[in-house]
Amino acid sequence: MQLANSSHTVCVPTLCNNMPSRAYLASFLIVTSFLSTTSHLHTLAAAGAFPESDDIFALDIVSKIRTDRNSTIKASMDFGHIVEAIPNGVLHPTSPNDIAALIRLSLSQPKPFTVAPRGQGHSARGQALAPGGVVVDMRSLGHDHHDAGRRCRRINVSTDELWVDVGGEQLWIDVLHTTLEHGLAPRVWTDYLHITVGGTLSNGGIGGQAFRHGPQISNVHELDVVTGTGDMVSCSPDKNSDLFFAALGGLGQFGVITRARIALERAPKRVLWVRLAYSDVPSFTGDQELLISKRSAGGFDYIEGQVQLNRTLTEGRRRSSSFFSASELDQLANLAHGTGSAAIYYIEGAMYYHGDDDTASSSSSAKLERLLEELSFVPGHAFVRDVSYVEFLDRVGRDEQKLRSAGVWDVPHPWLNLFVPRSRIVDFDAGVFKGILRDTKPVGLVLMYPMNRDRWDDRMTAATPDDDVFYAVGLLRSAVAAGDVEQLERENAAVLEFCHRERIGCKQYLPSHASRDGWRRHFGDKWSRFAALKRKYDPRAILSPGQGIFSAAGDGLTDRVASDSSL
Ligand SMILES: Cc1cc2nc3c(=O)[nH]c(=O)nc-3n(C[C@H](O)[C@H](O)[C@H](O)COP(=O)(O)OP(=O)(O)OC[C@H]3O[C@@H](n4cnc5c(N)ncnc54)[C@H](O)[C@@H]3O)c2cc1C
């Protein structure tokens with residue numbers, strides 16, 4: 001099962017060799033004293049009581065942990081700016097072995113410290129934080145430590161077998177650029193590409209291609225994982241499959257993903273990027289569901305959708321957006337006025353094409369026209385752009401630059417993402433968009449698009465509703481003024497309360513639950529297996545404590561996990 005036990009593969013770094021062992025042990029003691037919540041480790045080290053290999057290992061790893069305030073503060077917050085928790089140290093690993101060593105160091109203590117891998121820290125509710133523990137700065141794995149820390153891409157493409165091996169720390173934008181050098185690309189993308197492979201695979205990785213290919217976690221052939229027992233394990237659907245499926249959507253609870261083998265397809269050159277406006281929800285959802293039923297040629301290659309709360313369109317000065325011109329926004333505002341309803345909707349679709357000459361472009365346009373004839377959007381409200389594939393995929397990266405220059409990127413993001421069953425989406429729309437959020441002050445985006453559930457493998461940890469089709473609904477709003485966070489959080493709570501009261505059957509995506517019962521409900525039938533695999537792969541519950549599923553290590557959690565287990 002184990003690929004390589006890290007204690008056999010340790011390479012003692014130069015630093016270690018050059019230092020007099022007494023001086024090194026002294027510095028080790030100073031640094032590790034912060035890690036230990038008891039003086040136990042200290043005492044053992046002073047007495048020379050470490051087994052030899054662990055001793056060298058621990059010394060090596062400690063030299064890569066930063067404890068200065070600057071480092072710990074940076075790792076104490078995430079994109080959400082809602083939860084803050086300071087770790088005691090930040091590990092900058094140079095190889096997956098370092099992560100294994102850190103975990104083993106933790107486990108060697110009577111009260112292990114927690115360990116949180118951090119990709120870009122783009123979680124919204126503290127999921128990548130490690131209060132009082134050690135955050136692993138995964139991005140360090142992608143730096144060449146022999147070349148002044150220059151970025152190195154642990155990305156290797158197989159053009160024959162159509163896959164790419166990617167380090168868990170790599171950004172999807174870098175995966176895109178590297179695979180495109182071979183004319184290939186992964187099949188499913190998140191809307192934003194400046195996040196890590198390990199981070200999205202720990203959640204799901206959803207986007208407009210998921211209706212056809214499933215989420216990113218459905219497009220993985222193999223993983224390398226450092227488990228919460230400090231073992232380095234390779235896994236796939238055929239090998240150590242319980243760990244493979246547990247880690248996919250596993251919220252970082254079973255191990256740290258250090259490599260993923262991801263399926264590729266031939267990359268298109270260009271994209272017809274389309275938005276179609278609707279004034280009523282039945283036409284909007286009817287067309288979306290028709291479109292996601294077209295799984296092969298003839299339909300869109302990407303399907304998402306947005307809810308435009310009318311106040312965004314009808315109040316204030318309208319500027320152009322990254323897609324719409326100012327005059328198109330005026331047209332949408334008139335539509336919004338005309339409906340008298342609280343929201344209008346638009347489908348966002350993309351049709352890929354492979355050539356970059358006029359013939360390819362015109363035959364795609366003809367195909368698009370045929371498709372649009374089947375749909376019921378408001379006449380005259382189809383907007384089309386012809387853009388490069390990269391321009392299309394990196395669209396939110398461009399938005400980020402604009403938001404950064406406007407000073408509204410590093411603000412609190414009390415985001416709420418839900419999966420809503422198709423059978424209740426109209427009730428959800430009535431209760432939420434035309435009810436709870438009707439008069440809200442909207443700053444940000446509201447996404448709403450359907451996916452086919454049969455593209456999700458039920459063996460994976462990720463939780464979905466039961467319907468064959470369910471909608472991803474993202475309330476992606478930003479707090480830009482005093483009091484906004486509280487207001488948005490009240491609205492989020494009201495939405496969750498509504499779903500609960502009306503038995504809508506929603507699941508949170510990028511979930512956050514305050515109680516063990518909340519987590520049990522979230523995982524439903526999968527809970528007992530989830531807990532059993534936790535006991536197997538992270539029995540001291542040290543990994544990704546910011547998810548808040550299991551209590552901090554060493555406080556009796558093992559017993560509770562054990563009692564929840566069925567394996
Ligand atoms: C602007 C924006 C747009 C987004 N759009 C989408 C979208 O379209 N679709 C979508 O699915 N998501 C989207 N996301 C959410 C994104 O998938 C999550 O934020 C995700 O956590 C990835 O971010 P990250 O790499 O920074 O991970 P982090 O926030 O650093 O980590 C997330 C969790 O995974 C754990 N983790 C991190 N790395 C690893 C690893 N290698 N192995 C095991 N566990 C690990 C962490 O401990 C933490 O619990 C978006 C986020 C932002 C900010």
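This report walks through a predicted protein model, from its overall build to its ligand shell and its core.

## The big picture

Let's start with the whole chain. The protein runs to 567 residues, and buried residues make up 45% of them. Its secondary structure comes to 22 helices and 21 strands.

## How confident is the model?

Since this is a predicted model, confidence is worth a look. The average pLDDT is 87, and 84% of the residues score at least 70. Over residues 33-53, though, the pLDDT is below 50, and the model gives this stretch 28 contacts beyond near neighbours in sequence.

Another stretch to treat with care is residues 553-567. There the pLDDT stays under 50 as well, and the model has 31 contacts for these residues beyond four places in sequence.

## Around the ligand

Now to the ligand. It is surrounded by 37 residues, and the closest are G119, Q120, G198, G199 and G252. Sorted by class, this shell holds 21 polar residues, 13 nonpolar ones and three charged ones.

Where does the ligand sit relative to the domains? Residues of the shell come from both domain 1 (53-142) and domain 2 (155-266), so the ligand lies between them. As for secondary structure, at least two shell residues each come from strand 4 (115-118), helix 9 (197-201) and strand 13 (255-266).

## Inside the core

The largest nonpolar core has 134 residues. Within this core, L102, V134, V136 and V420 have the most contacts. Which strand gives the most to this core? That would be strand 16 (residues 343-353), with eight residues.

Leaving aside residues up to four places away in sequence, V134 touches I65, P87, N88, G89, V90, L91, L102, F113 and V115.

## A closer look at I65

Is I65 buried or exposed? I65 has 24 other C-beta atoms within 10 Å, and because 20 or more is the cut-off, I65 counts as buried.

Along the chain, I65 and L91 are 26 residues apart, yet their C-alpha atoms are separated by 4.2 Å.

Methods. Residues are numbered from 1 along each chain as its sequence is written. This is a predicted model: local features need pLDDT of at least 70, side-chain atom pairs count only at pLDDT 80 or more; totals for chains, interfaces and linings use all residues. A residue is near a molecule or strand if its C-beta atom, placed from the backbone, lies within 6 Å of it. Helices (H or I, at least four residues) and strands (E, at least two) are DSSP runs, numbered from the N terminus. Ala, Val, Leu, Ile, Met, Phe, Trp, Tyr, Cys and Pro count as nonpolar, Asp, Glu, Lys and Arg as charged, and the others, Gly among them, as polar. Domain bounds come from an automatic or database domain assignment. A residue is buried if 20 or more other C-beta atoms lie within 10 Å of its own, exposed if 12 or fewer, and partly exposed in between; C-beta atoms are placed from the backbone. pLDDT is the predictor's confidence in each residue, from 0 to 100. Two residues are in contact if their C-beta atoms, placed from the backbone, lie within 7 Å. A nonpolar core is a set of buried Ala, Val, Leu, Ile, Met, Phe, Trp, Tyr and Cys residues joined through C-beta atoms within 7 Å.
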